[in-house]
Amino acid sequence: MSSTSRFKMQIYSPQWEDKDLYQFKKTKRGWEFENYRCKGEVDKGGNPLFYKALVTESLSYPNHLEEYLSIVWEKVEVFK
């Protein structure tokens, strides 16, 4: 069994007319975030890299997305 909890999402990019893959792996203080453009640690809400990636792709997102990601972080358990 995996020692980490992770999830992936695909977001359609009108600029490229294709879906981009965004990956999150839970860490003790937030997420390790990765997409084709960047990789690094973000906080529980996805700041700052996730939102920089969305803005770079000219993608809009819901106002409460940061809160939703934080809730997911709280509910996800790390497998042991």
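**Hairpins and strands**

Strands here are DSSP runs of E with at least two residues, helices are runs of H or I with at least four residues, and both are numbered from the N terminus. This is a predicted model, where local features need pLDDT of at least 70, side-chain atom pairs count only at pLDDT 80 or more, and totals for chains, interfaces and linings use all residues. Residues are numbered from 1 along each chain as its sequence is written, and side-chain values use heavy atoms, with hydrogens and water left out.

Next I looked up the pairing (two strands pair if DSSP finds at least two bridges between them). Strand 1 (residues 6-13) runs antiparallel to strand 2 (residues 18-26), and 8 bridges join them. I picked Lys8 and found its bridge partner in strand 2, Gln23. Strand 2 also pairs with strand 3, again antiparallel, over 4 bridges. The hairpin from strand 2 to strand 3 goes through 4 residues. On that side, Lys26 has Trp31 in strand 3 as its bridge partner.

Buried means under 20% relative accessible area, exposed means over 50%, and partly exposed is in between (1.4 Å probe, protein chains only).

What does Phe50 touch, leaving out residues up to four places away in sequence? With contact meaning heavy atoms within 4.5 Å, I listed Met9, Ile11, Tyr22, Phe24, Phe33, Val42, Leu65 and Leu69.

I also checked Val72, which sits in helix 2. Val72 is partly exposed at a relative accessible area of 33%. Its contacts, again not counting residues up to four places away in sequence, are Phe7 and Trp31. For a distance, I took Val72 to Gln10: they are 62 residues apart along the chain, and their C-alpha atoms are separated by 17 Å.

**Salt bridges**

How many salt bridges does the structure hold? I got 3, with a salt bridge being a side-chain nitrogen of Lys or Arg within 4 Å of a carboxyl oxygen of Asp or Glu.

- Arg37 bridges to Glu57, with the closest N and O atoms 2.7 Å apart. The pair links distant parts of the chain, 20 residues apart: Arg37 is in the loop between strand 3 (31-34) and strand 4 (39-42), and Glu57 is in the loop between helix 1 (49-56) and helix 2 (65-75). Arg37 is partly exposed at 44% relative accessibility, whereas Glu57 is buried at 2%.
- Glu74 meets Lys44 at 3.6 Å, N to O. Glu74 lies in helix 2 and Lys44 in the loop between strand 4 and helix 1, so this bridge ties together parts 30 residues apart in sequence. I noted Glu74 as exposed at 53% and Lys44 as partly exposed at 29%.
- Lys39 and Glu32 meet at 4.0 Å, N to O. Lys39 is exposed at 54%, and Glu32 is partly exposed at 24%.
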